[in-house]
Structures are given as C-alpha cells and as structure tokens.
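Subject: Structure for you to look at

Hello,

Here is the structure I said I would pass on. Please open it first; my notes come after it.

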Amino acid sequence: MLVIGPHISTAKGYAAAARDVINMGANTFQFFSRNPRGSSFRALETKEIIAFQELRRKNNFGAIQAHAPYTMNLASPDSRVYDFSCGVLKEDIMRMDALSIEYFVFHPGSHVGTGVDAGIKRVADALNNALSGGENITVLLETMSGAGTELGFRFEQLKRVIDLVRYKNKLGVCMDLCHVFSAGYDIKNDLNGVLEEFNNQIGIERLKTIHLNDSRFPLNSGKDRHTPVGKGEIGLSAIIDIIKHPRIRDLPFYLETPLDNNGHKREIEMIKKLSERR
Ligand code: FE
Ligand code: FE
Ligand code: ZN
C-alpha cells in the first residue's frame, strides 16, 4: 500500500497531528523534531504519547519521519553553531527513538567557505558522537539543491559522510525530489539513470524515504523552491512515474508542498488515484 502523508505541525500535540493526517486520507506524516527556527521543544505527557501510539497502530500508519530544525548546521566551522548542532542531533535522535519514530532526517549542512572535505568530516564526527549503535531509529541524510555552500547535492558527498561513520547500519538517505532535480539529477527524463547513479555511488538499499515535491526552478538551477505536485518543472506525469517505480514505490512519501490541510487532502487524493496499483 502507498505510504504517503504531509509535513505537518505537532504544536497541538502528536495525537492531534495523527488525527489531522487520517482526515486527509494519509497514513503517515513528517514533522519537525523541535522548533525549526529555534531550539525549543514541548515536553510530552504520557497521555498524549499513548493516544498517539494507539492512533498509529489502529490506523496502520507507515513509517513516520522527524525532520531536524533548520538551525542545525553540522558542517559549520563556528564552534558555537557546531556544538549546538551536535547537541540537537544527539538529543533529537534519542527523543525521536523513544517515541518509536522510524526516521530522523537532517540537512548535511553548509561548510560556509571551509570546503567540502572539512564539512564532510564535521558531519561524520557529529554522527559518530550522536549514535550509540543501539538505536531503532534510522538517521537519514537529505539530498540537497546545492544552494550556497550546502553539502549533499552530489550523491558521492553523502556516501563520503556515511563511509566515515562507525554505525553505518543506522544511516540512510532521504531523496528530496525538488532538491535532486535542481541539483542536476534528471528524474524527469532519466529516472533509471539517476537511480543507477545513486546505486553506484551510495547503494540503492540506503534510499529509505522520499520528499515528494515539485520544483519551481528548472533542472540544475541549484535553487530550492518547492511547488505542489504537478505545478513545477518536474511535472505530474514524471512524479507519478517516480511514485510507481518498482525501486521506489514501497518507500514512504512525505509531501513538503506549500498547501494547507485541505490542499494536502486534495493532493493526496489525486496522487493515490493516479498511482493506483493493479
Ligand atoms: Fe529538508
Ligand atoms: Fe526536503
Ligand atoms: Zn527544499
């Protein structure tokens, strides 16, 4: 069965978020592990956690994904930013693992002029510091557009981070469709070629989740601007082909499209209809 859901806020609680998602016809969601532009998070009451877990179970939810805050930069040369980021990474992996969240995704970060090699080393060091090896959660590096000094817009950069980490079995990749396309991977006209490249560079078994976005800007633009599915340069038919692809169709899809709950409900309906399995 297709596992699909929106990115939504858990500000009103995890159970409330799960209920909203069910009302949208979805069976999973993505949320921020804490305030995306700050550092705060809400302490959860046992009652809320129990209600959330029960909703997941009774409604056959697929894997849920937590997204790290944007204030995290694990490739930063600034020790204040770096230490803060390392702390958030470690703490949120633990918090999300305790909630039985399946995936924790983060942006590899920006090296801010110190170079790709230095950035990659810092990201890997942070992961080595954060992971104990006993986690159930899988930590995912997100494919990026390559805006500014962002790392992770080439598959080989993600592979180099993974290679430096001790507990590689806890790591995977979340492919953001808008990001890979704007980074120059032509998923519109050569999906098989891109997947082959992913397999050669990283290994296709590391591809765990998809950010389902269309792109405002064309192939290789290096610009990160999401649009609703079918409203961008990738286009509806290519995105449906991606969702139906045998190497991808069993992965969870998280919509990061600029729509409200009603918009997401309609978008999910449309995608389900067009990607129906026979
Ligand atoms: Fe992201
Ligand atoms: Fe994304
Ligand atoms: Zn993006």
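Predicted model: local features only at pLDDT ≥ 70, side-chain atom pairs only at ≥ 80, totals over all residues.

To look at one pairing in detail, take β7 (residues 207-212) and β10 (residues 252-255), which run in the parallel sense and are joined over three bridges. Within this pairing, Ile 210 stands opposite Phe 253 of β10.

The metal site

Which residues hold the iron ion (ligand 1) as protein donors? They are His 67 and His 107, each through NE2, and Glu 142 through OE, at 2.1 to 2.3 Å from the ion. Along the chain, these donors follow the spacing H-x39-H-x34-E. His 67 is in strand β3 (residues 65-67), while His 107 is in the loop between β4 (103-106) and α4 (116-130), so the pair ties together parts that are 40 residues apart in sequence.

Two helix pairs

Two packed helices are described by the angle between their axes and the distance between those axes.

Helix α5 (residues 155-163) packs on helix α7 (residues 191-201) at an angle of about 25°, and their axes are 9 Å apart. Since angles under 35 degrees count as roughly parallel, α5 is therefore roughly parallel to α7. Their crossing is right-handed. Phe 155, Glu 156 and Lys 159 of α5 make the contact with Val 194, Glu 197, Phe 198 and Gln 201 of α7. By class, these residues divide into three nonpolar, one polar and three charged.

Helix α8 (residues 236-244) and helix α9 (residues 261-274) have axes that come within 10 Å and cross at roughly 65°. These two helices are therefore roughly perpendicular to each other. The crossing of α8 and α9 is right-handed. On the α8 side the contact is made by Leu 236, Ile 240, Ile 243 and Lys 244, and on the α9 side by Met 270, Ile 271 and Leu 274. This contact has six nonpolar residues, no polar residues and one charged residue.

Regards

Key
Residues numbered from 1 in each chain as written. Chains lettered and ligands numbered in written order. Heavy atoms only, no water. Pairing = 2+ DSSP bridges. Helix = DSSP H or I, 4+ residues; strand = E, 2+ residues; numbered from the N terminus. Axes fitted to C-alpha atoms, helices over the stretch in contact; angles between N-to-C directions. Parallel < 35°, antiparallel > 145°, perpendicular 65-115°, else oblique. Left-handed = near helix turned anticlockwise from the far one by under 90°. Contact = heavy atoms within 4.5 Å. Nonpolar A, V, L, I, M, F, W, Y, C, P; charged D, E, K, R; others polar. Donors = N, O, S within 2.8 Å, 3.2 Å for Na, K, Ca; no water.
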